[in-house]
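Hello,

Here is the structure I promised to pass along.

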Amino acid sequence: MTVQLAAFYAFSIITALAALAVISVRNPVYAVLSLVLTFFSTACLWLLLDAEFLAIALVLVYVGAVMVLFLFVVMMLDVNVDPLREGFARNLPVAIVVAVIMALEMIALIGVKRFGQLVDSPDPALAAGMPNLEWIGRSMFTDHLLPFEVAAVLLTVAIIAAIALTLRRRAGTKHQNVGHQVQVRKADRLRMVKMDPVVKERTP
């Protein structure tokens, strides 16, 4: 057994156990930390498969941003999820049956022969004689530049739409009006008052 094969088995076992812990532990903070370990172990598997871009994106985007946000929200809200997990053991057989049916449908849709061709197909980056990151960059910004730009525009529109939908005027809350702040004058905020001094007599 080679070192790469032993590392593959080790990372696979860690990934499977961490994924099982995500849905089995009772503490939501432990579940999020187990999911972080699952993502990190999966990134190690991608590195073994010479998919550096997927591994880096998985660590930076999901582990470094999304999962940290999930952990922050879980710790801030302190949600009691024990009632939600009470029916886990009762619904587990149904979930296994549904998962097996979905797997069989995907295999039937792709086709057994086509599935074997996809698995045995060579890595296009290795065939081109360049690293995975360089091949993805060249392919993305040369052959697929238009879909990349369209996806960027769609994400920008989605962000603007989300902000517009959540920005509501609620009664009893204070809002900032930048236009009024820019147009304000000194005379509107400051008033100089001249008063004669008042001298109080001291009592003996």
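**What I found**

The crossing of H1 and H2 is left-handed, a term used when the near helix is turned anticlockwise from the far one by less than a right angle, with clockwise being right-handed. Please keep in mind that this is a predicted model, in which local features need pLDDT of at least 70 and side-chain atom pairs count only at pLDDT 80 or more, while totals for chains, interfaces and linings use all residues. Residues are numbered from 1 along each chain as its sequence is written, and side-chain values use heavy atoms, with hydrogens and water left out.

**The H1 and H2 pair**

Helix H1 covers residues 3-24 and helix H2 covers residues 28-48; they pack at an angle of about 155°, and their axes are 8 Å apart. That makes H1 roughly antiparallel to H2 (angles over 145 degrees count as roughly antiparallel, under 35 as roughly parallel, 65 to 115 as roughly perpendicular and the rest as oblique). The axes are lines fitted to C-alpha atoms over the stretch in contact, and the angles run from 0 to 180 degrees between N-to-C directions. Helices are DSSP runs of H or I with at least four residues, strands are runs of E with at least two, and both are numbered from the N terminus.

On the H1 side, the residues that meet H2 include Phe8, Phe11, Ile14 and Val22, and their partners in H2 include Leu35, Leu37, Leu45 and Leu48; contact here means heavy atoms within 4.5 Å. The residues of this contact divide into 14 nonpolar, seven polar and no charged (Ala, Val, Leu, Ile, Met, Phe, Trp, Tyr, Cys and Pro count as nonpolar, Asp, Glu, Lys and Arg as charged, and the others, Gly among them, as polar).

Ser34 lies in helix H2 and is buried, with a relative accessible area of 14% (buried means under 20%, exposed over 50%, partly exposed in between, using a 1.4 Å probe and protein chains only). Leaving out residues up to four places away in sequence, Ser34 touches Ala18, Ala21 and Val22. Ala19, in helix H1, is partly exposed at 32% relative accessible area.

**The core and the whole chain**

The largest nonpolar core has eight residues: Val32, Phe39, Ala43, Ala55, Leu58, Val63, Met67 and Leu71. Such a core is a set of buried Ala, Val, Leu, Ile, Met, Phe, Trp, Tyr and Cys residues joined through side-chain atoms within 4.5 Å. Helix H3 (52-77) and H2 each supply at least two residues of this core, and H3 gives the most, with five.

The protein chain has ten helices and zero strands, and 13% of its 204 residues count as buried.

Best wishes
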